[in-house]
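Have the model open while you read.

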Amino acid sequence: MHLSDFDFDLPEGLIATRPARPRDAAKLLLAQGGGIRDLHVRDLVDVFQKGDRLVLNNTKVIPARLSGTRTRQSAQGEVTANVEVTLLEPRADGAWEALAKPLRKVKEGEVIRFSADLSAEVVEMTEGRLAVRFNLSGEDFDAALAEAGAMPLPPYIAALRKPDAQDKDDYQTVFARHSGAVAAPTASLHFTRELLEALHAKGVEFTEVTLHVGAGTFLPVKVDDVTTHKMHSEWGEITTQAAAEIAATKAAGGRVIPVGTTALRLIESAARETGAIAPFRGTTDIFIYPGFTFAVTDALMTNFHLPKSTLMMLVSALMGPERIREIYAHAVANNYRFFSYGDSSLLIP
């Protein structure tokens, strides 16, 4: 398999920079059997069946993009420089891995100030990134970060506009609970509380899992032979109760439908050793591409993905490369909106 096998032409005008309002007004492409239907997310009440189980990723996106300044003494006196820091993930020692722009503006040992309350010392510099230790922790840190930080919009949106206050609501799911992600599980952004209640009333069941989506989800594939690509790792958890709920649905003949590729990757990681769902807590770097055998997933709700991305490879593994090319050609021809704030699809093999 070559990287070019997962490429397609996408007009820039189809890249969504804002979500549909209300959330469930987004378009939904239903691919089932050999057919394609053009629906809206709110129509899921008619598509899902009693006994279906949706697997939701309840990770919460932190406002990980910080604008700050560092001050340094020079021969000309005190010199201040602006620095933009994007948090990547916390380390076991309490520091945070991060990116800085421009990285050359900071040195190890310097302090970057983001607000009157929040600052961080640069404790380590490595190739392309740094580690910082904040002056606050716990709830004090969360509050100061919420005040000073901006949502870390994906590069393809950030290139078209700056993040603003509206993104703090738009780029968060209505069931976000556990802070730690620096990117949203975007298929889940389409759900409103009203839609969830309507689905529940129909007999659709829900299981929550946690996968803290990392910035590595946006890293490009740089190898031509995609099987040699090394995936980034992300931390996730499936509780004993969550695993039991999913197992019960499988045993009863119901469909297990992850909402988003993050939920799919987590449940398939938990089933890797035995072929059946099991509790899971730790990191996963599972890479799903054509030829993968799905142990738990019966269908997938997901947005439309970047050309040549690992997520294009994942949906190609689920539906087949030719089928995905047909689905994406239909989406482009019918002006579906792409990527994180875009429309969605329900893929049923």
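Buried here means under 20% relative accessible area, exposed means over 50%, and partly exposed is in between, with a 1.4 Å probe and protein chains only. This is a predicted model, so local features need pLDDT of at least 70 and side-chain atom pairs count only at pLDDT 80 or more, while totals for chains, interfaces and linings use all residues. Residues are numbered from 1 along each chain as its sequence is written, and side-chain values use heavy atoms, with hydrogens and water left out.

**Helix 5**
- Helix 5 covers residues 193-202 and buries Leu195, Leu196 and Leu199; helices (H or I, at least four residues) and strands (E, at least two) are DSSP runs numbered from the N terminus.
- Those buried residues fall within an arc of 100° seen down the axis, so they line one face of the helix; the arc is that of the directions from the helix axis to the C-beta atoms.
- On the face turned away sit the exposed Arg193, Glu194, Glu197, His200 and Ala201.
- Cover for the buried side includes helix 1, strand 3 and strand 12, where contact means heavy atoms within 4.5 Å.

**Leu266**
- Leu266 is part of helix 7 (residues 261-270), and its relative accessible area is 0%, so it counts as buried.
- Leaving aside neighbours within four places in sequence, its contacts are Val209, Thr210, Leu211, Gly236, Glu237, Ile238 and Phe280.

**Cavities**
- Searching the whole structure turns up four cavities of 30 Å³ or more. A cavity is a set of points, on a 1 Å grid over the protein atoms alone, where a 1.4 Å probe fits but cannot get out, and lining residues have an atom within 4 Å of a point. Points are joined across faces, edges and corners, and a volume is the space filled by probe spheres set on them.
- The largest cavity comes to about 290 Å³ and has 21 lining residues, with Tyr156, Thr186, Thr217, His305 and Leu311 nearest its centre.
- Its lining has eleven nonpolar, ten polar and no charged residues, counting Ala, Val, Leu, Ile, Met, Phe, Trp, Tyr, Cys and Pro as nonpolar, Asp, Glu, Lys and Arg as charged, and the others, Gly among them, as polar.
- The second largest cavity holds about 70 Å³, and its lining has two nonpolar, five polar and two charged residues.
- Helix 7 gives the most to the lining of this second largest cavity, with three residues.

Definitions and conventions
On a 1 Å grid over the protein atoms alone, a cavity is a set of points where a 1.4 Å probe fits but cannot get out, and a pocket is an open set with protein on both sides within 12 Å along at least five of seven lines; lining residues have an atom within 4 Å of a point.
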